[in-house]
Amino acid sequence: MRLHVFTMSESLSQDSPSTAQAMKLGFSRAMPIVLGYVPVAFAFGVLATQQGMPIWLATATSVLMFAGSGQFITISLWFAGAGYISTALAVFVTNLRYVLMAVALAPHVKPLKGLARFIYGWQITDELFAVHITAFQQGWKFNRTAIFSATTLAQASWVLGTLVGGLCGSVVTDVKPLGLDYAISAMFLALLIPQCTDRLHTLTALLAAFFSVALHLAGLHQWNVVLATMLAATMGTMLARRAQGKGAGA
Amino acid sequence: MTTATLVATMLCILLCTLVTWLPRLLPLYVFSRDLPSWLKDWLNFIPAAVMAALVAPDVFLYGGSFNPNPLDNLFLLAALAATVFGLIVRNFFATIVFAMAFVAVMRSLGLAS
């Protein structure tokens, strides 16, 4: 991954990087995310406006929520006739994974105070989390400009992709020939592959996939993702700690 | 869209925004201290688990019912192809484009729906 190169060179230089260097680092971290977001945001814009949502509201949704799966779940449930509570509850359960991500990020973002921390939290997505947690884990020295250059560019691309998708929504009559209905799955897969760094992580992913499908088939249509994630991660942790000799139950 | 529907939809979006912000923001204010090692280990496994848990039902339940036969399930076939592609190419964007293009091409050739 290119990330590694940047963080290594960062940690080698003792001086803090200039603003331009920090921005460059942030933008280069966000670039792969931007390329992934644009088609998915475009798909959201198309699907939302085809359901009758005005373009401005679809775009505003991407500004406010900035959440791939959350936004797709919102429009699919709401326009299928679900009420406020069931729509919001489904979105909340899907978003519970952000708790885990935010907990992991919390010790690293202590330098951010007030509004800055609020904005950073608002902009936690699967992809930005992955990029930043990797950098922090590799010992990268926190840099506010680099952080917000990455998050701002990523969100701008998400919002603009939605806007363009919304404008095309009236032209595109069927999303299937373009494979747009596969955009979300493709994004999750592309995120999953680099996470499977060793046998235990691969096994955890396979367990999560199995539990998620099994729970869905058992009728848990909203809770399957959260339950499967927690179950598989717990099993992965127990196996890892047993292998390290720290004791499975510790 | 009528005005009443528009207002209701706007309210729904605001509500969904709130339940998106809460899980992202609360831990940043509550857990600003070092975490125990078992929790760090656990969090390390969360991303792999959550991505797999999100994608698996979309892929295996394509068409509305459980279908583990890749020759009869376009999304599963595309996932397998994209995984092989992703492991070789190791590029986030290229993997997404490949997967979507795979689905689009299979449909345009009439090999799957």
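**Chatting through chains A and B**

Student: Hi! What does the secondary structure of chain B come to?
Tutor: In this predicted model, chain B has four helices and zero strands.

Student: And what pattern does chain B follow along the sequence?
Tutor: Reading along the sequence gives α-α-α-α for chain B. Chain B is also more spread out than a compact globule, because its radius of gyration is 20 Å, well over the 13 Å that the globule rule gives for 113 residues.

Student: OK, what does the C-alpha trace of chain B span along its principal axes?
Tutor: About 50 × 50 × 25 Å.

Student: How is chain B divided into domains?
Tutor: Domain 1 of chain B covers 1-33, and domain 2 of chain B covers 38-113. Their C-alpha centres are 29 Å apart.

Student: How much of chain B is buried?
Tutor: Buried residues account for 43% of the 113 residues in chain B.

Student: And what about contacts between residues 24 or more positions apart in chain B?
Tutor: Those make up 18% of the chain B contacts with a separation of 6 or more.

Student: Switching to chain A, what's the mean pLDDT there?
Tutor: The mean for chain A is 85, with 92% of its residues at 70 or more.

Student: Which elements of chain A have the lowest and highest mean pLDDT?
Tutor: Helix α1 (residues 2-12) of chain A is the lowest at 43, while helix α3 (residues 55-64) of chain A is the highest at 97.

Student: Where in chain A does pLDDT stay under 50?
Tutor: Over residues 1-14 of chain A, where the model has 18 contacts beyond four places in sequence. Where pLDDT is low, predicted coordinates should not be read in detail.

Conventions
Residues are numbered from 1 along each chain as its sequence is written. Chains are lettered from A and ligands numbered from 1 in the order in which they are written. This is a predicted model: local features need pLDDT of at least 70, side-chain atom pairs count only at pLDDT 80 or more; totals for chains, interfaces and linings use all residues. pLDDT is the predictor's confidence in each residue, from 0 to 100. Helices (H or I, at least four residues) and strands (E, at least two) are DSSP runs, numbered from the N terminus. Two residues are in contact if their C-beta atoms, placed from the backbone, lie within 7 Å. The radius of gyration is taken over C-alpha atoms; the globule rule is 2.2 Å times the number of residues to the power 0.38. A residue is buried if 20 or more other C-beta atoms lie within 10 Å of its own, exposed if 12 or fewer, and partly exposed in between; C-beta atoms are placed from the backbone. Domain bounds come from an automatic or database domain assignment.
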